[in-house]
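Welcome! Let's take a friendly look at the pockets of this protein and the residues that line them.

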Amino acid sequence: MSFLSATLARVKPSPTIAVTTLAQELKAAGRDVIGLGAGEPDFDTPENIKAAGIAAIEAGKTKYTAPDGLPELKRAICEKFARENGLTYTPRQISVGTGGKQILYNALMATLDPGDEVIIPAPYWVSYPDMVLLAGGEPVIVECGVAAAFKMTPDQLEAAITPKTKWLIFNSPSNPTGAGYSREELQALTAVLVKHPHVWIMSDDMYEHLVFDDFKFFSPAQIEPALYDRTLTVNGVSKAYAMTGWRIGYAGGPVELIDAMRMIQSQSTSNPCTISQWAAVEALTGPQDYLAGNAALFQRRRDLVVKMLNEAEGISCPTPEGAFYVYPDIAGCIGKTTPDGTAITNDEVFCTKLLEETGVAVVFGAAFGVSPNFRISYATSDAQLTEACQRIQRFCAALS
């Protein structure tokens, strides 16, 4: 009998973390590596937020808090939801965790029984299906390819719903594609969900503030108030406020669900880092003017990367509405051969050879559920992105 749980056989390690770790190891070994795998802003946490964390330490605010967050932070989150999303929550409806990932995991652990189904549009963030599996549920993958702009249609959603469906996990703008759903597209999806009252919506809004051009962000419960009582609206401070390592995610939802999530968290991690919580209070209540500047910076990088990738032989790169990722299609490279004779049979081989020969680390598309593609995080400098894209262009030009 194995010492390890059989549950582990249902899941796999995170490919994005694996790529980032490998890139770091190669750099440490002296290789010239450009890592484009990590979904993390390359600039520092704003000074006012850092100062709030330091002030909390100096004031001795270093003790335990309630398992799912400080009252002050919960109030700040309620104010944020009202101010930016038109959603009214009370502090009893708020959960704070160690990053958005814990919030999602707690909700799945608190609600899934064996055989319950969770609809996940693909391409998806790599952790969604594995968290569902760890919680005992069954992921139902709905493939949304480049022809559909990586977005799920109402007909696809309707077809995926069964009596066993418990959740739809919805992410806009998306990791890994950056695709964002317009108001009209979201209204069409919510109209389907209204007809199926047993289906709950887990809306991952983590990239809310990183949207480009004239795109307007909306959250499902904001669009369709009839879904409010069965929606968990998830967000965090990691991406917009460059606070990835501070590890603060949060959500608003029905009291019964939030209470269940609190029980899960109280018996696992208990409260998130107290210092990080006080810093998050400042993030949500302090100046917000730099958010637009950050989005403009990422939009410029997006335009640079999309242009250069579309100049590479065999690559087609759509222009995303938000986040800081692109998800280029490499169908034109499949079936070709590298100068050393390696056949490019799929996107994993492409990305492996790209790293070996050029030192550019990206994540292969199969990890996100749609191939042949790869994901680039353009949350790094213009110089690094330009050099990386030039290397990709040369790599593709050498294929025959």
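## Where helix 1 comes in

Helix 1 gives four residues to the lining of the largest pocket, the largest share of that lining. Please keep in mind that this is a predicted model.

## The largest pocket

How big is the volume of the largest pocket? The answer is about 640 Å³. Its lining is made up of 30 residues, and those lying nearest the centre are G39, K101, W125, K239 and R247.

Which helices each supply at least two residues of this lining? They include helix 1, which spans 15–28, helix 4, which spans 100–111, and helix 5, which spans 127–134. Sorted by class, the lining of the largest pocket holds 14 polar, 10 nonpolar and six charged residues.

## The second largest pocket

Now for the second largest pocket, which holds about 300 Å³ of space. Around this pocket there are 18 lining residues, with T20, K27, G35, L36 and A38 lying nearest the centre. Two or more residues of the lining come from each of helix 1 and strand 1, the latter covering 34–35.

Which element gives the largest share of the lining of the second largest pocket? Here that element is helix 1, with five residues. As for class, the lining of the second largest pocket has eight nonpolar, seven polar and three charged residues.

## To take away

Terms used: Residues numbered from 1 in each chain as written. Predicted model: local features only at pLDDT ≥ 70, side-chain atom pairs only at ≥ 80, totals over all residues. Heavy atoms only, no water. 1 Å grid on protein atoms, 1.4 Å probe; cavity = no way out; pocket = protein on both sides within 12 Å on 5 of 7 lines; lining within 4 Å. Points joined across faces, edges and corners; volume = space filled by probe spheres on them. Nonpolar A, V, L, I, M, F, W, Y, C, P; charged D, E, K, R; others polar.
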